[in-house]
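Please look at the sequence and model first.

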Amino acid sequence: MVNNPICAFGVVKRLHDFDKDNMPKLHNQVSSDEIKAKITQVKELMNILGPSASDLQFYAKILIEIQHTYLIPVTELMKGNFGPLRTNAKLDYNDCVYLANLCHQDGLHALSIEWLSGALK
């Protein structure tokens, strides 16, 4: 069970990225037609059941909204901290740049700068 928004974002991002980045590589590294067919079936299932780009954006916008509403410092969210609540969830450089880009697209330029600054730490 995912118990906080950083974990939820992380799970969706990892599944989305795995499907996008690793499935084609895996398919190209295998020589057996039977295994390639299985990989293709898994890819088709991931396209149907796996998280989409809009799912990833949805969870990212939840993080942005939480940060903006409760004025949580980006550096604290990056460490997985929500005020007194400490978690093992972390945001990496790529997560911060993605969140900054979404903030910029939504006209939240000050938040975009905060996320970009966090990415550099």
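**Core, helix packing and salt bridges**

The largest nonpolar core has 23 residues, and those with the most contacts inside it are Ile 6, Ile 64, Leu 77, Leu 91, Leu 99 and Trp 115. At least two residues of this core come from each of α1 (5-29), α3, α4 (74-78), α5 (93-105) and α6. The model is predicted.

**Packing of α3 and α6**

- Helix α3 (residues 53-70) packs on helix α6 (residues 109-119) at an angle of about 105 degrees, and their axes are 12 Å apart.
- The two helices, α3 and α6, are therefore roughly perpendicular to each other.
- Ile 64, Gln 67 and His 68 in α3 meet Leu 111, Glu 114 and Trp 115 in α6.
- By class, this contact of α3 with α6 has three nonpolar, two polar and one charged residues.
- Leaving aside neighbours within four places in sequence, Ile 64 is in contact with residues including Leu 99, Leu 102, Leu 111 and Trp 115.

**Salt bridges**

- The whole structure has five salt bridges.
- Lys 13 pairs with Asp 95 in a salt bridge, with the closest N and O atoms 3.5 Å apart.
- This pair links helix α1, which holds Lys 13, to helix α5, which holds Asp 95, across 82 residues.
- Lys 13 is buried at 10% relative accessible area, and Asp 95 is buried at 0%.
- Arg 14 also forms a salt bridge with Asp 95 (3.6 Å, N to O), and Arg 14 is partly exposed at 39% relative accessible area.
- Lys 13, Arg 14 and Asp 95 are linked in a network of salt bridges.
- Asp 106 forms a salt bridge with Lys 61, the closest N and O atoms being 3.2 Å apart.
- Asp 106 lies in the loop between α5 and α6 and Lys 61 in helix α3, 45 residues apart.

Terms used
Residues are numbered from 1 along each chain as its sequence is written. This is a predicted model: local features need pLDDT of at least 70, side-chain atom pairs count only at pLDDT 80 or more; totals for chains, interfaces and linings use all residues. Side-chain values use heavy atoms; hydrogens and water are left out. Axes are lines fitted to C-alpha atoms, for helices over the stretch in contact, and angles run from 0 to 180 degrees between N-to-C directions. Helices (H or I, at least four residues) and strands (E, at least two) are DSSP runs, numbered from the N terminus. Angles under 35 degrees count as roughly parallel, over 145 as roughly antiparallel, 65 to 115 as roughly perpendicular and the rest as oblique. Contact means heavy atoms within 4.5 Å. Ala, Val, Leu, Ile, Met, Phe, Trp, Tyr, Cys and Pro count as nonpolar, Asp, Glu, Lys and Arg as charged, and the others, Gly among them, as polar. A nonpolar core is a set of buried Ala, Val, Leu, Ile, Met, Phe, Trp, Tyr and Cys residues joined through side-chain atoms within 4.5 Å. Buried means under 20% relative accessible area, exposed over 50%, partly exposed in between (1.4 Å probe, protein chains only). A salt bridge is a side-chain nitrogen of Lys or Arg within 4 Å of a carboxyl oxygen of Asp or Glu.
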